[in-house]
Amino acid sequence: MPKSFKNKTAYITGGSSGIGLALAKILATLGADILLVARSAQRLQAAQRTVERTRQSDRQRIATLSLDVSNHVQVYEKMRAAVADFGAPDILILSAGINTAADHFENITPEMFTEVMNVNVNGVRTPIHALLGPMKAKRGHVVILSSAAALFGMFGYTAYAASKGALMGFAESLRYELAPLKMPLTVVFPPEVDTPMNETEAKTLPPQARAVKNMGGLLTPEFTAKEIVRAIQKKSYWCVPGRRTRFLYLMHRLSNGFLSRTVTDLVIRRAIGNETAKPG
Ligand SMILES: NC(=O)c1ccc[n+]([C@@H]2O[C@H](COP(=O)([O-])OP(=O)(O)OC[C@H]3O[C@@H](n4cnc5c(N)ncnc54)[C@H](OP(=O)(O)O)[C@@H]3O)[C@@H](O)[C@H]2O)c1
C-alpha cells in the first residue's frame, strides 16, 4: 500500500471501533492526521491511544470528537467547530452504524426500525451535508460504509438492509453531484466482518440468518480496511471487500438474482429444518 496520506486529514465516524478503527490505524501508518468521531468519549480515548501508536510521526494529529451522528443539531454545530480547529477533511469516512434490529420482521417495533434508519442513513447524510462546503476546495473524498446486505438482502435484516440499501441509492445520486466538483465517492459493501457489531447482533440474530451469513465468510476488520484504503487510493466508486463476496455478487448479477435466491432459500429451509428437529 504505497501511496502516502501525509498532510491529509481524515475524519472517521465510527472511528472508535471495528472497521473505522482499523481504517484509522492504516491511515495513521500512511501519514494522515485523523479525527475519530463516535459517541462514547471513553472508547474514543482508548482508540486515540491505539491510533497514536501506529502514526508515522509525532507531528500527526490524532484527535477525537464525541457526538451522535443521528442528532443533526449536534452534528452541524460540532462539525463546524471541528473544521475551524482541525481543518476540513480530505477524506470523510462514514463508518458509524448499528444493527440493533437483527430479528424476524414481526419482532421489529417501529422504534427499533426508526433507530436503525436514523443512525445508518441520517447519520451518514448529515455529516456529509455539514462538511460538503468546506471539503469542496480540497476536492475531498467521501467514503460510505454500506453493506453486502444491500446487494443481496438477508433473512432477519429488514431494518438494517433497508438502511444500507438506502445508502446505495443515496451514493448513486450523490456521486452525480460530486463528479463535476471532482470529489471522489467510494461506497463499500462488506460481508460479515469480525467486529463488536457482530456481538450485539448475535443476541437476536435468527439461526436462518446465521446459516446464510456463513456462506459469505468472515473478514477481519484489518483486511476489510486494507481493501477500503486501496479503493480510496484508486478512487474506486464501488468497493466489495473479499473475493468470495465479489464472486457471489457476480453470480447474483449474472443470474439476475436467481442463483443467489435459490441457494439462499435452500440454506434457510435447511436451517428451519434443523431448528424444528431440535429436541424440546
Ligand atoms: N461488522 C460487519 O459485519 C459489517 C458488515 C457490513 C457493513 N458494516 C458496516 O460497517 C460500519 C462499521 O461497522 P463495525 O462492524 O465496525 O461496527 P462497530 O465495531 O460496532 O463500530 C461502530 C462504530 O460506530 C459508532 N457509532 C454507533 N452509533 C453511533 C452514533 N449514533 N453516533 C456516532 N457514532 C456511532 C460506535 O461508537 P459509539 O457506540 O461509542 O458511538 C463505533 O465507533 C457500519 O456502518 C456497519 O453497518 C459492518
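**Stop 1: the nonpolar cores**

Start by selecting Tyr-11, Leu-35, Met-79, Ile-128, Val-142, Ile-144 and Leu-185, the residues with the most contacts inside the largest nonpolar core, which has 40 residues. A nonpolar core here is a set of buried Ala, Val, Leu, Ile, Met, Phe, Trp, Tyr and Cys residues joined through side-chain atoms within 4.5 Å. Buried means under 20% relative accessible area, exposed over 50%, and partly exposed in between, with a 1.4 Å probe and protein chains only. Now colour helix α4 (residues 110-136), which gives this core its largest share, 7 residues. Helices (H or I, at least four residues) and strands (E, at least two) are DSSP runs, numbered from the N terminus.

Before you go on, note that this is a predicted model: local features need pLDDT of at least 70, side-chain atom pairs count only at pLDDT 80 or more, and totals for chains, interfaces and linings use all residues. Residues are numbered from 1 along each chain as its sequence is written, and side-chain values use heavy atoms, with hydrogens and water left out.

Zoom in on Tyr-11. Leaving out residues up to four places away in sequence, Tyr-11 touches Leu-35, Met-79, Phe-86, Pro-89 and Leu-131, among others; contact means heavy atoms within 4.5 Å. Then select Ala-22, Ile-34, Ile-93 and Ile-232, which are among the 33 residues of a second, separate core.

**Stop 2: helix α6**

Select residues 158-178. This is α6, whose 21 residues reach 30 Å from first C-alpha to last, close to the 30 Å expected at 1.5 Å a residue; the expected span is 1.5 Å times one less than the number of residues. Its buried residues include Ala-159, Tyr-160, Ser-163, Lys-164 and Leu-167. Show α4, β5 (141-145), α5 (148-152), β6 (185-188) and α7 (196-202) to see what the buried residues of α6 pack against.

**Stop 3: the ligand**

Display the ligand next, with the 30 residues around it; Ser-16, Ser-17, Arg-39, Tyr-160 and Thr-195 come nearest. A residue is near a molecule if one of its heavy atoms lies within 4 Å of it.

- Asp-68: an N or O atom of the side chain is 2.8 Å from a ligand nitrogen.
- Ser-95: a backbone N or O atom lies 3.2 Å from a ligand oxygen.
- Val-193: a polar backbone atom is 2.8 Å from a ligand oxygen.

**Stop 4: two loop residues**

Most residues other than glycine have a negative phi. Select Lys-235, in the loop between α9 (221-234) and β9 (238-239): its phi is positive, about 55 degrees, although it is not a glycine. Lys-235 counts as exposed, at 54% relative accessibility.

Move on to Asn-256, in the loop between α10 (243-254) and α11 (258-277). Asn-256 also has a positive phi, near 55 degrees, and counts as exposed at 67% relative accessibility.

Note on methods
A polar contact is a pair of N or O atoms within 3.5 Å; within protein, one must be able to donate a hydrogen and the other to accept it, and residues adjacent in sequence count only if both atoms are side-chain atoms.
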